[in-house]
Amino acid sequence: MGAEVENNKRWPPWLKPLLREKFFVQCKLHSDSHKSECNMYCLDCTNGPLCSLCLSFHKDHHAIQIRRSSYHDVIRVSEIQKFLDITGVQTYVINSAKVVFLNERPQPRPGKGVVNTCEVCYRSLVDSFRFCSLGCKISGISKNFVKKRKDWTNNLSDSDDSYSSTSIERLKKNDDMINNSFTPSTPPLSAVNRRIAKRRKGIPHRAPFGGLIIEY
């Protein structure tokens, strides 16, 4: 309990509730408005996501805006760094603005040649960053965090040169299904068909009525 209390004191009280929230949902108080999407958060109240109309009740409070990138929540560095130290967190440039991700994003395995990865989720990073998101930084710096060794051999990607036995069996079953569902375009010749195919043509016969002359 002592380590957990110390970890909580290290971070502002609004950070963990922020990372647990689900944004970009319709506001229950202003569902009739076209501005009812909840993409704001009040750091003083920490009572859930807010829409732009809800901000009228938080005039003197500190509020931040959450944005979306590839279905993941991000926040601009210029906003979050006023309230939180984001040192070590990977930054990205999206729509000409530098942002950080709130939570980790699943990745099967890092790309070839990648030498730097997130200390928590092992996502590929550039330069000397330690974490891919704010959530990973919280986990990675906590005293009770134990880094687990990641076994990439169990994760397959499109760039893998080998397949597991399960994948090979699945491919064989698919091949058998394809072969059984189609008949060959040219059936194999039987013994009778071979004799017919080898038989030479006899004397050509003129077609009937070939010499018929029709007078008018």
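Which backbone nitrogen does the side chain of serine 133 reach? The legends below start there. This is a predicted model, in which local features need pLDDT of at least 70, side-chain atom pairs count only at pLDDT 80 or more, and totals for chains, interfaces and linings use all residues. Residues are numbered from 1 along each chain as its sequence is written, and side-chain values use heavy atoms, without hydrogens or water.

**View 1. Serine 133 in the loop between S7 and H4.** The side chain of serine 133 reaches the backbone nitrogen of cysteine 136 at 3.3 Å. Serine 133 is buried, with a relative accessible area of 0% (buried means under 20%, with a 1.4 Å probe and protein chains only). Leaving aside residues up to four places away in sequence, serine 133 touches Val89, Phe101, Leu102, Asn103 and Glu104 (contact means heavy atoms within 4.5 Å).

**View 2. Helix H4, residues 134-141, is mostly covered.** Six of the eight residues of H4 are buried. They are Leu134, Gly135, Cys136, Lys137, Ile138 and Gly140. Their cover includes helix H2 (15-20), helix H3 (77-80) and strand S7 (97-101). Helices (H or I, at least four residues) and strands (E, at least two) are DSSP runs, numbered from the N terminus.

**View 3. The largest pocket has a volume of about 150 Å³.** Its lining is Val25, Gln26, Cys27, Lys28, Leu29, Cys38, Asn47, Pro49, Leu50 and Cys54. A pocket is an open set of points on a 1 Å grid over the protein atoms alone, where a 1.4 Å probe fits, with protein on both sides within 12 Å along at least five of seven lines; lining residues have an atom within 4 Å of a point. The volume is the space filled by probe spheres set on the points.

Conventions
Buried < 20%, exposed > 50% of the residue type's maximum accessible area, 1.4 Å probe, protein only. Polar contact = N/O pair within 3.5 Å; in protein donor to acceptor, adjacent residues only side chain to side chain.
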